[in-house]
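Biologist: I would like to learn how to read a model like this one, feature by feature. Where do we begin?

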Amino acid sequence: MSSRSLGAFALLLLFSASVALAQEAPVEAKAGPLDNGKMWLFENPPLDYLEATYGFRPDAAWLERARLSVLRVPGCSASFVSPNGLVVTNHHCVRGRLPSVQQEGESLLDDGFIAKDLSDERRIPGYYADQLIAVEDVTDEIDRAAAGAQTDAERNAAVQEAEETVQARLASAYSDADSVVVQMVALYSGGRRSAYVFRRYIDVRFVTAVELQMGFFGGDGDNFTYPRYALDYSFLRVYGADGRPVESPNHFTFSDRGISEGDLIFVIGNPGSTSRQLTVAQLELLRDVTVAVRSAFLTSRLEAYRAYYAADPETGDAMDMRNTMFGISNSEKAYAGRLDALNDPYVIARRLDKETEFREAIAADPALASEYGHLHDAIAAVAGEMQSLARPAGAFAYLANRTMASALEQRMVYAWTWLTESAAGGDSERAQAARRRLLSVQDGPAMLERSLLELRLQDFQTYLGADDPVVNLAGSADALLEGSLLASAEATSRAVEDGTLTMTDPALRLADAFMPRVAEFESAMAGLQGRLGPLEAGIGRARYAVYGNSVPPDATFSPRFTDGVVRGYEYNGTLAPSHTTLFGMYDRFYGFGDHPDWTLPDRWKTPPA
């Protein structure tokens, strides 16, 4: 059996297993009151729950201090930890920024960075930190604006105009801040809407960053798990418009005592988007299509990167490929974990129990039943239509992605768009943008290029079938790389300038076979998503009507807090302790010998007393 056939066979097994699980007898399971998590809103905290659970009822001053101490940085959370603008965040949140501040002869990813005084701190280009200074619930205002709309288009236009009015009003109200960003945040799937006012700091500087080996100590084996011994932290400092460190009276202080087993703690930050409010029908769609496809895709691309890096680590280091692999690996682990949970009949049964309780509560109230009683069935119908799009969803996943697609794949998509748009409407803005993107694609290492292109051709065969016209036209990766002008940046640029790039190019003939189908798929999905949006918002309103703030909304990459108690837990037949220690890090180093994931930089091997 060829490698291409093996890939198809493995994914068919994946889909078959998912279908088999759906057909098994239902598992008995009871939902818990906190199954949707505990990512609470600062503006709507569950005070009664906290008091009943811990005997602690935070007052307005506590909540304000916590909210003003936490920051949102690009893609991550951070916190003020001193009165003069010192900030702590994760090493993985800023490691990709280290090359932008290093000077000639430095390798900050490998060697780390320490600013000895303020003058040594280095500004991170294009970086910022957001502090949430106000929240306003604008649900009623937005709903009133959209109330008279007769069509979806009219409603969308009314909502957009109302949101822009809110943003302008609040930006003006908080104009005394150095820089203000007003973000409209949809809560409970759009069932409620809030305006979040952020003070944005645009001068953020590196203070300390550990070596990459320390920030990712334990490698993938320890990542996304516990116990973990990585020093996954970095320190930054925020500066004001006057070029001085900002005053940050609201900050988290360091504790000499630390925390002990049994202590109540709060984790405060900006969790990325979650989907805990989805119906069971939507979870089954994720299990059978969306997450299954993405998990398989990420696994295959990560393997391609690792194979190339193992063969040529020097070039891989020059391309900062380790950061790329860490990013893909994090996503791959997240999707693999989600897929494991979705394939667990107990998890689905528990969600079904909660959904049954929710539907019964709606049905028991005539007003709620009239407005919301049909929503679960309507969502299930849309999810069923989305299930029918599984094959194109797999075949075209991450198409022309800058990180995970070959340069040839990217170029064929951009070139096809440029030529077809030019033929249809002359030198349009869309055609110009496609041309710019086409010429911006850089060449990658030949081995990696071939692997990524071959994987895309395998995706076509796996999801579209061996007899599909696209598969028959595709041929082999080697043939495309040898026969297409788009195989190199130099040949592409020359062909564009000379006007010799035409649809007769083998890569463009292939693109001409699948790109119209991509457009059809995207149009169909957009239509279904458009139908799904109002249904999900209705479910969100119903959920809030039934449960209030005892069920938090899904995460929106905006400030939240969650509660818990420090304790160890059962772990692989033994106990995981509540704390890890610096001595534990050294134990890993000595215990694993020369294993690359658990090695230490030289200066950490002989620490000062």
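Modeller: We begin with one side chain: leucine 600 is buried, at a relative accessible area of 3%. Buried means under 20% relative accessible area, exposed over 50%, and partly exposed in between (1.4 Å probe, protein chains only). This is a predicted model, in which local features need pLDDT of at least 70 and side-chain atom pairs count only at pLDDT 80 or more, while totals for chains, interfaces and linings use all residues. Residues are numbered from 1 along each chain as its sequence is written, and side-chain values use heavy atoms, with hydrogens and water left out.

Biologist: Which residues is leucine 600 in contact with, leaving aside its neighbours within four places in sequence?

Modeller: Contact means heavy atoms within 4.5 Å. By that criterion the partners of leucine 600 are Met214, Phe217, Met585, Tyr586, Phe589 and Lys605. Methionine 214 is 386 residues away in sequence, yet the C-alpha to C-alpha distance to leucine 600 is 7.1 Å.

Biologist: Where is leucine 600 found?

Modeller: Helices (H or I, at least four residues) and strands (E, at least two) are DSSP runs, numbered from the N terminus. Leucine 600 sits in the loop between α25 (582–591) and α26 (602–605).

Biologist: How do the side chains of strand β2 point?

Modeller: In a regular strand the side chains alternate between the two faces of the sheet. In β2 (residues 70–73), Val70 and Arg72 point one way, Leu71 and Val73 the other way, and all are buried.

Biologist: How many bridges join β2 to strand β3?

Modeller: Two strands pair if DSSP finds at least two bridges between them. Four bridges join β2 to β3 (residues 76–80), and the two run antiparallel.

Biologist: What is the order of the strands in the open sheet of three?

Modeller: The order is β1-β13-β12, with antiparallel pairing. β1 (40–41) and β12 (264–269) are the edge strands, each pairing on one side only. Two bridges join β1 to β13 (residues 560–565), and tryptophan 40 has phenylalanine 561 as its bridge partner in β13.

Biologist: And the protein overall?

Modeller: The protein has 26 helices and 15 strands. Its radius of gyration is 27 Å, close to the 25 Å that the globule rule gives for 609 residues, so it is as compact as a globular protein of that length. That radius is taken over C-alpha atoms, and the rule is 2.2 Å times the number of residues to the power 0.38. Of the 609 residues, 45% count as buried.
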